[in-house]
Amino acid sequence: MSSDASETETAAETEGEADLGPVGDETTDGTSDGTPDDHGTLSVVGIGPGLPDQMTAKAKRVIESADVVIASSLYQAFLREDGTLPSEDAVDDDGVATRDDGFEQEIVRSTMGRQIELTRAAFDHVREGKDVAHVSGGDPSVYGKSDLVFAMAEEDDATDVPIEIVPGITAALGGAANVGAPLCNDFCTVSLSDKWRGWEEIEEKLRAAAVSEFVIVLYNCWRNYERALEIVREERTDDALVAIVNDAGRGDAGRNGESEFITTLGEAEDHDDKVSGMGTSLIIGTHETTTWRNDDRAYLVTPRGGRDVDDF
């Protein structure tokens, strides 16, 4: 545990702040809700970039043991690479796959247009006693499926359905790892998708993040990324370093292939050919972000503060 975390917990205890205990175990009046014994569990599973070596052991275990797996065609292909899901040959016409040990799983193809339908179906499966793995790329709580599941649970009054979130490596973390250590100080993520919020709100967040000296990771860069860069340039110098990262952690299996390119805020728009769509993230550094080069390559580094080696 970090020293910062220890200090925070000690302060909370000293000030007598209420300890509500583990989320989900009890209601606020101290009584246990309890889930019917004949129910399964709905697990929203983040698989990171999707390839086997970028997925947590827990995510793999939950998917392998689920009675029902809901996943897009792309994620199904990734999960079959190491047998996390059975091969297509093992799936019958009803979508039921038989694993090598004889365990049967129903494999359901997920699409953007069926999210509500499939979430409701997942609730029904759980009530039938089945464990369901609802697969999300990256982390399900970082622009993923978690909020939809809880919104649907609220809409349908599905308080009897146990929900578990299994985290995964999100693009900010995977992309940062590919270019070095750009997120070692305070950072934030901003989605450029204006599907659910107006551009004025996105602009306000971008400007606040730029002024506050956060390293900024942009998601959904196929939408208005040039506009976003212009806003950040109003508050940050043009020589601030920027990494353009595509399909982090996916190698050649991604839509456009894994790549990373380091440029500056002032020149980033000149490299439009490097921004290839949904799999692209931009990492915008602060005035402290710098490069370090060894005999192999250049890295991006944002120091945690004004410390030298002895301070560690």
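Biologist: What should I know about the model and its numbering?
Modeller: This is a predicted model, where local features need pLDDT of at least 70, side-chain atom pairs count only at pLDDT 80 or more, and totals for chains, interfaces and linings use all residues. Residues are numbered from 1 along each chain as its sequence is written, and side-chain values use heavy atoms, with hydrogens and water left out.

Biologist: OK, what volume does the largest pocket have?
Modeller: About 1600 Å³. A pocket here is an open set of points on a 1 Å grid over the protein atoms alone, where a 1.4 Å probe fits, with protein on both sides within 12 Å along at least five of seven lines; lining residues have an atom within 4 Å of a point. The volume is the space filled by probe spheres set on the points, which are joined across faces, edges and corners.

Biologist: Which helices supply at least two residues each?
Modeller: Helix 3 (73-79), helix 4 (115-127), helix 5 (146-155) and helix 6 (171-179), and strand 12 (280-284) does too. Helices (H or I, at least four residues) and strands (E, at least two) are DSSP runs, numbered from the N terminus.

Biologist: Switching topic, which residues join helix 4 to helix 5?
Modeller: In helix 4, Gln115, Ile116, Thr119, Arg120 and Phe123 meet Leu148, Val149, Met152, Ala153 and Glu155 in helix 5, with contact meaning heavy atoms within 4.5 Å. Those contact residues divide into six nonpolar, two polar and two charged.

Biologist: What about helix 7 and helix 8, which residues touch there?
Modeller: Trp199, Glu203, Leu206, Arg207 and Ala210 of helix 7 make the contact with Arg227, Ala228, Ile231 and Val232 of helix 8. That contact has six nonpolar, no polar and three charged residues.

How values were computed
Nonpolar A, V, L, I, M, F, W, Y, C, P; charged D, E, K, R; others polar.
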